[in-house]
There are 4 protein chains.
Amino acid sequence: MTSVGVLGATGAVGQRFIQLLDGHPDFDLSVLTASPASAGERYRDAAKWRLDTPIPDDVADITVRDTDPDAIPDDTDLLFSALPSDVGERVEPALCEAGFVVSSNSSNARVADDVPLVIPEVNADHLELIDVQREERGWDGALVKNPNCSTITMVPTLTALTQFGLERVHVSTLQAVSGAGYSGVTSMEILDNVVPHIGGEEAKMETESRKLLGEFTGDGVSWLDATVSASCNRVPTLDGHLENVFVETSEDVTPEDVAGAFEDAPTLDLPSAPDPLVEVFEEPDRPQPRLDRMLGDGMAVAAGGIQETDTGIQYNCLAHNTIRGAAGASLLNGELLARDGWL
Amino acid sequence: MTSVGVLGATGAVGQRFIQLLDGHPDFDLSVLTASPASAGERYRDAAKWRLDTPIPDDVADITVRDTDPDAIPDDTDLLFSALPSDVGERVEPALCEAGFVVSSNSSNARVADDVPLVIPEVNADHLELIDVQREERGWDGALVKNPNCSTITMVPTLTALTQFGLERVHVSTLQAVSGAGYSGVTSMEILDNVVPHIGGEEAKMETESRKLLGEFTGDGVSWLDATVSASCNRVPTLDGHLENVFVETSEDVTPEDVAGAFEDAPTLDLPSAPDPLVEVFEEPDRPQPRLDRMLGDGMAVAAGGIQETDTGIQYNCLAHNTIRGAAGASLLNGELLARDGWL
Amino acid sequence: MTSVGVLGATGAVGQRFIQLLDGHPDFDLSVLTASPASAGERYRDAAKWRLDTPIPDDVADITVRDTDPDAIPDDTDLLFSALPSDVGERVEPALCEAGFVVSSNSSNARVADDVPLVIPEVNADHLELIDVQREERGWDGALVKNPNCSTITMVPTLTALTQFGLERVHVSTLQAVSGAGYSGVTSMEILDNVVPHIGGEEAKMETESRKLLGEFTGDGVSWLDATVSASCNRVPTLDGHLENVFVETSEDVTPEDVAGAFEDAPTLDLPSAPDPLVEVFEEPDRPQPRLDRMLGDGMAVAAGGIQETDTGIQYNCLAHNTIRGAAGASLLNGELLARDGWL
Amino acid sequence: MTSVGVLGATGAVGQRFIQLLDGHPDFDLSVLTASPASAGERYRDAAKWRLDTPIPDDVADITVRDTDPDAIPDDTDLLFSALPSDVGERVEPALCEAGFVVSSNSSNARVADDVPLVIPEVNADHLELIDVQREERGWDGALVKNPNCSTITMVPTLTALTQFGLERVHVSTLQAVSGAGYSGVTSMEILDNVVPHIGGEEAKMETESRKLLGEFTGDGVSWLDATVSASCNRVPTLDGHLENVFVETSEDVTPEDVAGAFEDAPTLDLPSAPDPLVEVFEEPDRPQPRLDRMLGDGMAVAAGGIQETDTGIQYNCLAHNTIRGAAGASLLNGELLARDGWL
């Protein structure tokens, strides 16, 4: 078994990591960290648990550690990071320098030149950037990132369309409140309402997707030359980001081509990888967040509403933002790191 | 005073007509029609009133008539139609033939060649199609339509951009449940959910907007030569359609140009016309449905989030779907018909 | 295996029956009925499936039958009824006369003198009323009912309190929209709102609970002599009825007595019976519908907020209204019928 | 004009005060206070305004002052307090000592012996406690409180029932999220959910209602000798607390008696006092928060669902929690203070 830990284990994403790691075939969770205020407490006392499955018994009694390299046992093979980005920015490099491999969901450093930003089914080969990273930074460990939840929802479908010459993407998102963390959206803001702005989100979708779809050149990533414009909205759903995508490709494509490309999207033989990666609906009113977010145990992407427009194709896609879009994304990256011998 | 009536007065849009006509300076409401089952009842008994202001006292005791030309007094100057489209398709022409002028919110005949589809601030001159209509159909009356609620939300902003050479529009809508009528969306469908499909809505936005933005040629309307692609979503809000718009223009424009064009949108001196027509927000998280749908007593359009993209401009717009987008739209058309001497 | 069927299989409760019977250790589902319009279709075509798990493969291809004694194979051991009450009132007696045993969730006949109204953990012995029923009606089959969803939520807790001399109950309910069926509550009614009235519900809670808590006397049920007053509200939750209960008992009881009585509530060794029956929370803000409705796979009752008042005890209880409160209730009655040899 | 100020003017209740004072016939708003961090800023910059009407122009430019006796002009006749209770506990006595009259919505000191807790239509005579207060505390100013929002919703109906010998009250509340302040309830807590606990709320309802319904004895208030038990729930509505009330009286009363008593509830000739005080609905599904919270401009109480139980009467009542239940309550107390010559 691979010995793993969760950094920032008491927050919303941290709790998801613990839920998803429960019963994992290869990973053994033994290390939990949080802010100094919680260090020394048992997890059951430190966390205000909010998921609808109980805290796993063997996790509840783990003593929470400080989020500090010195507090983490040297033999921990892999650390999952659910740290706030300002903490991640400070602590993650220190951990990598101390020799730990970190699979991180934090938003810091995602577009740094020598940091692999990875969705395993999309760009597993970008992991090789770790060699560049280690050389440049002198690290024994490694830092690997997954993209933002709204980016992850869309990119598995876009990657299937690159064969047609992807040139232009307009995307509107309808994002669930859980994406902002437990206290991120107040009820007064969102009941009977929609908020057409999520700070920084549009830029993340525009840059991260082009890096993900880029080519590893041996010493870096050459970003995809395409335009991506995003308009991000918060809606009153709990989980599941739905996105309306308009694409233009250099080749003419039909809705059938697109559906076929989605259905043929490659899958991986990793414990948390869904099969199929993209589930295509024929019913025009699907996918819907509440009905479809748990497809593939929350790791699949759903697509539907594929239609021709005057200038290209439009379709809708959906993924579970705190599973495929956050904790599950880092977990899958961890499984890829293990398979490819980086631990 | 102009004597007016409401066709289909017991439904959701019918109720809004009654609410908006209460205290109107020029229009005197004296005729209410409904299905034969309700004919002969007092309005207070025939309607299950659902608005948060009470039924106006003088309306409550009006006896409901059958929706039939023979049942409507000849001296009724103007009829507002909130009929279901299948009923409207049958009854509205019969009323026009009988000499009545009908300002209709029903979706039938909106894109017919000789039927004016009008937003007064956008294309008041299209009313002249009535002459063509009367000649072709041999009517004494006239039939005038307002567009669909999702179209109305967007077109007052698009018309301000035609000066820059509007070429391409991608729009995603986040539409309130009231747009589907009182029973159109069940709670099981929409709580903790979003439905990425509204039957026929996307086609309506694509065709109606091009007709509205077209040019009256003397004997018809030459539709705007631009591509419009829409993706329509139902979200759990009560009132107020929010729309994310991506536009491309032949001229280069800046966000400041766009904001200026919105602010300069012309207004009309009609009782229900808002001033300004388009309210522009600088805060990036506005407009929001719950906070901004009642601007201009529900008749204004709100816009915000204006930004450059790699290929054009994106922005958000919002209007109250059952006021500016339905009953208020027909009412304003009625006011225009009165001003221009068509009654 | 016991051969079972579902009457009214295409509706919301019918779908839950199918979901719960999937993989059942003792029951083999082979018969599905619906209205004549659907008879002859495959189930996958006849039903608009709305649950978040897919239709079981072996069920999807079953041909739907008419809800008629002649259309149902004689060797069907047990029928679960999800019929609308007006249909149930007509068809269920005919089925019983034809020799079928019917475990019904329909509201008709629940308080009839010779019809057992049963919650297995509460009054399993009431099944013996079947002998009375068969004698009086000359049936070979039998009709057994489960109570209304709001009654089921409360009665497992009340039965634990009868040892203290239960005299008076005031209950306020906060009921989920799914209790009204898929189209029962429109979104316009319930978004940003609460409806303090559910037709007939208060009377059901008052009568059904007293019958359930009554004593089987050999030839009938002597209802519990206590007063039960209910105030029923619909709230914007999807599943899970929460109830505030105020009770007065002839003996003095402490919150600890009450918690102990709940925890000691007997459980049954039936496939769908939860253990414990009543889960008691110490946190004052639990149970909550979204977090706790799936306890015991949706078959447990959750309780919390136990406090003394000046005149007795107050507490909150919660159950999943379409599992423990509907399909699961009938299923558990079916398991009891099988165990006790009534099939 | 009476010169007034608002303490804690930037928060949710403070904003309501400003909205309600806009255009007030007798009160001229000139003083706004907030925490030291905001002191010195213009109100438009200091407050994140969240109401759906704009900041009144003449208020937007007022310079915010520190919440300190020295910072408030001596000639301010009346101060409305929207302070957090811990701040109110410290600052309000200092202001009274400095000679200011404070009409406060803060929860501190509500049940203190010499502090009038007042709903003008219920117990205006309790204002005479001010004489006791001034004597005991040596104040020139005065401190008057209004009760908690959930208490205010119920007490105007209970006071109408005291003529029948009110003995026992059980109440369940369905309270809107705005009662917890703008950030008090997160969306993750309340979407598709209900929380059956509001810290301290049940005790407030039980004590405050008995003080309000008590008798002024010349040197204090003799609380009503009745039992009041409350069960408080947070539901996903924005504004408007709905309450299910079960009462027992020493005299036999019919639903007609109760409806009559509600309709006969006395009203006051004050600018913000509604007429009628209690609006009685015959429709069993009313009042509903979204439809009825704005009755009497948000200052009326709505009642309905009046029925006999085996032991008394049950009914539902509703009021707007941030108008009648908070800012409007203090404002009405201020109007009473002015009328009775206490300023």
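Mentor: Before we start, a salt bridge here is a side-chain nitrogen of Lys or Arg within 4 Å of a carboxyl oxygen of Asp or Glu. Asp292(B) forms one with Arg286(B), with the closest N and O atoms 2.7 Å apart.

Trainee: What kind of model is this, and how is it numbered?
Mentor: This is a predicted model, in which local features need pLDDT of at least 70 and side-chain atom pairs count only at pLDDT 80 or more, while totals for chains, interfaces and linings use all residues. Residues are numbered from 1 along each chain as its sequence is written, chains are lettered from A and ligands numbered from 1 in the order in which they are written, and side-chain values use heavy atoms, with hydrogens and water left out.

Trainee: Back to that pair. Is Asp292(B) buried or exposed?
Mentor: Asp292(B) is buried, with a relative accessible area of 4%. Buried means under 20% relative accessible area, exposed means over 50%, and partly exposed is in between (1.4 Å probe, protein chains only). Arg286(B) is buried too, at 16%.

Trainee: How many salt bridges over all chains?
Mentor: The count comes to 52. One of them joins Asp61(A) and Arg44(A), whose closest N and O atoms are 3.3 Å apart.

Trainee: Where do those two sit?
Mentor: Asp61(A) is in the loop between α3 (57-60) and β3 (65-66) of chain A, and Arg44(A) is in helix α2 (residues 43-46) of chain A. They are 17 residues apart, and the pair links distant parts of the chain. Helices (H or I, at least four residues) and strands (E, at least two) are DSSP runs, numbered from the N terminus.

Trainee: New topic. How many residues does each side put into the contact of chain A and chain B?
Mentor: The contact takes 44 residues from chain A and 44 residues from chain B, where contact means heavy atoms within 4.5 Å. The buried area is about 3,600 Å², and carbon and sulfur atoms give 49% of that. Buried area is the accessible area (1.4 Å probe) that two parts lose on being put together, summed over both.

Trainee: Which residues of chain A lose the most area to chain B?
Mentor: Asp192(A), Phe246(A) and Arg290(A), which together make 18% of what that side buries.

Trainee: How many salt bridges are there between chain A and chain B?
Mentor: Four. In one of them Asp192(A) pairs with Arg293(B), the closest N and O atoms being 2.8 Å apart. Arg293(B) lies in the loop between α11 (289-292) and β13 (301-308) of chain B and Asp192(A) in the loop between α8 and α9 (201-212) of chain A, so the pair joins two chains. Both ends are buried: Arg293(B) has a relative accessible area of 13%, and Asp192(A) has 6%.

Trainee: What about chain C and chain A, how many residues are in that contact?
Mentor: Eight residues from chain C and eight residues from chain A. Those two chains bury about 650 Å² between them, 52% of it on carbon and sulfur atoms. Leu238(C), Arg290(C) and Leu291(C) supply 51% of the area that chain C buries against chain A.

Trainee: Now the inside. Which residues touch the most other members of the largest nonpolar core?
Mentor: Leu32(D) and Tyr43(D), in a core of 40 residues. A nonpolar core is a set of buried Ala, Val, Leu, Ile, Met, Phe, Trp, Tyr and Cys residues joined through side-chain atoms within 4.5 Å. Among the elements that give two or more residues to this core are β1 (2-7) and α12 (323-339) of chain D. α12(D) gives the most, with six residues.

Trainee: And in chain B, where does Phe262(B) lie?
Mentor: Phe262(B) lies in helix α10 (residues 255-263) of chain B. At 0% relative accessibility, Phe262(B) counts as buried. Leaving out residues up to four places away in sequence, Phe262(B) touches several residues, including Leu161(B), Val280(B) and Tyr315(B).

Trainee: Last one. Which residues does Thr76(D) touch?
Mentor: Not counting residues up to four places away in sequence, Thr76(D) touches Ser3(D), Val4(D), Gly5(D), Val31(D) and Phe100(D). Thr76(D) is buried, with a relative accessible area of 4%.
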